Amino acid sequence: MMRLHFTPADLGRVTFPAEPEPLWEAALAARALGARPMPPAGRRWRREAAPLLRPSMRPLFKLVSPTGRLPDFLTPEVPAPGLEPALEILMDTPADVVQDQLGPYLPPEIDVFMRGLLAGTAESRRALGNAVREFHDDVLVPSGVELERRYGADLALRSRALLQGGVEGLLTTLHPDIEWTAPTLTTHGLGPGPTYDIHLEGRGLELYPSSLTSEALALDVPGRRPVLIYPTLDLPPADDQAVDALSDLVGRTRALVLRALTTSATTTQLARRTGISLASASEHARVLRNAGLLTTHRTAGTAHHSLTPTAHRLLTTGHPRGTLGQIKNLKDISGTGR
């Protein structure tokens, strides 16, 4: 069990990452490959990912303790988005930090890679960086489409909870195993165990939904905003009739694009969520924007796409009833959207 103690200042500093962070996803996925309880989406991912693993990725797996504990240095605070900035910080971790965090969990006999990592050798650092990059690019990217969609769907639910009930409403509805009794957020584990107290003390809290864990996990490092990883809700699959009706209206791919935008996304994120090319994602976004189903704004040269209220109603009902008169250029969006 964990108890997170809030101050009034912490309630105003609760945040979510706008999209999954590559190094966090790699760390959680490496942990999920062990023989531990997983939610249904995590089990499906594990079956799909297992055939993609290669021996060169083992340095990453060696950092996960038998109990599933992850060293804090594996998920550093990163000033810029993307995997490469995170890998630079990971590979520059001081040797004494690696020793302090890994030492208590290592067996008496360790291999050449681990001895080198503890000593801070360039060869072991490169091996770790290459293992994480390879695992992310060759395992997570092709197998993680459902994980990213569920991440976006969970953020959409949290946004609605925040709009309707404020931060207290958000914290009250995070997960059945997470209990909010002001000013304390209590997480209940899968079984009996020690109780850990985390005092936020004005640092705030970052909430991170994941389909790769069945219990809440926490990172608490002095001087850094604590992170609470919680299981995403196991949402039921979309109604087949609703999916078919929406596809009939706008085309299969454009229906997929609309569902991927339950949480706003850049064009690159949209392409990744739907498994289509960047050019195709841009073109579908243009057509749907012209039809009044999404809006696009640019920040620092990057396009961010969001659904309009009309699109939200379409996704809720799965058919055009009540919205047909509000959709512009219906012929255009249905003619080539399959």
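Mentor: Let us begin with charged side chains: Arg 44, Glu 146 and Arg 150 are linked in a network of salt bridges. A salt bridge here is a side-chain nitrogen of Lys or Arg within 4 Å of a carboxyl oxygen of Asp or Glu. The model is predicted, so local features are given only where pLDDT is at least 70 and side-chain atom pairs only at pLDDT 80 or more, while totals for chains, interfaces and linings use all residues. Residues are numbered from 1 along each chain as its sequence is written, and side-chain values use heavy atoms, leaving out hydrogens and water.

Trainee: How many salt bridges does the structure hold, and which parts of the chain does the pair of Glu 146 and Arg 44 link?

Mentor: In general, side chains of opposite charge can pair when their charged atoms come close. The structure holds 11 salt bridges. In one of them the side chains of Glu 146 and Arg 44 meet at 2.6 Å, N to O. Glu 146 is in helix H9 and Arg 44 in helix H3, 102 residues apart, so this pair links distant parts of the chain. Helices (H or I, at least four residues) and strands (E, at least two) are DSSP runs, numbered from the N terminus.

Trainee: Is Arg 44 buried, partly exposed or exposed?

Mentor: The scale comes from relative accessible area: buried means under 20%, exposed over 50%, and partly exposed in between, with a 1.4 Å probe and protein chains only. Arg 44, at 33%, counts as partly exposed, and Glu 146, at 29%, is partly exposed as well.

Trainee: With which residue does Asp 138 form a salt bridge?

Mentor: Its partner is Arg 54, the closest N and O atoms being 2.5 Å apart. Asp 138 lies in helix H8 and Arg 54 in the loop between H3 and H4, so the pair ties together parts that are 84 residues apart in sequence.

Trainee: With which residue does Arg 31 form a salt bridge?

Mentor: Arg 31 pairs with Glu 215, with 3.7 Å between the closest N and O atoms. Distant parts of the chain are linked here too: Arg 31 is in helix H2 and Glu 215 in the loop between S6 and S7, 184 residues apart. Arg 31 counts as buried at 4% relative accessibility, whereas Glu 215 counts as partly exposed at 25%.

Trainee: How far from Arg 36 is the nearest side chain of opposite charge?

Mentor: For such a search, Lys and Arg count as positive and Asp and Glu as negative; His and the chain ends are not counted. Arg 36 is found in the loop between H2 and helix H3 (40-49). Arg 36 is buried but has no salt bridge, and the nearest side chain of opposite charge, Glu 215, is 6.6 Å away. A polar atom of the side chain of Arg 36 does lie 2.5 Å from the backbone oxygen of Arg 31. Leaving aside residues up to four places away in sequence, Arg 36 touches Arg 31, Arg 46, Ser 65, Pro 66, Thr 67 and Gly 68; contact means heavy atoms within 4.5 Å.

Trainee: In what order do the four strands of the open sheet run?

Mentor: Two strands pair if DSSP finds at least two bridges between them. The order is S2-S6-S8-S7, and the pairing is mixed. S2 and strand S7 (217-219) are the edge strands, each pairing on one side only. Helix H2 (residues 22-32) packs on the sheet and touches S6, S7 and S8, its direction making about 50° with that of S6. Such angles run from 0 to 180 degrees between N-to-C directions, the axes being lines fitted to C-alpha atoms, for helices over the stretch in contact. Helix H9 (residues 145-172) lies across S2, S6 and S8, at about 140° to S6.

Trainee: How many bridges does S6 share with strand S8, and why is S6 largely enclosed?

Mentor: S6 and strand S8 (residues 227-231) pair in the parallel sense over five bridges, and Pro 209 has Tyr 230 in S8 as its bridge partner. Strand S2 (residues 14-15) also pairs with S6 in the parallel sense, over two bridges, and Thr 15 stands opposite Glu 206. Six of the six residues of S6 (residues 205-210) are buried, so the strand is largely enclosed by the rest of the structure. Leu 205, Leu 207 and Pro 209 point one way, and Glu 206, Tyr 208 and Ser 210 the other way.

How values were computed. Polar contact = N/O pair within 3.5 Å; in protein donor to acceptor, adjacent residues only side chain to side chain.
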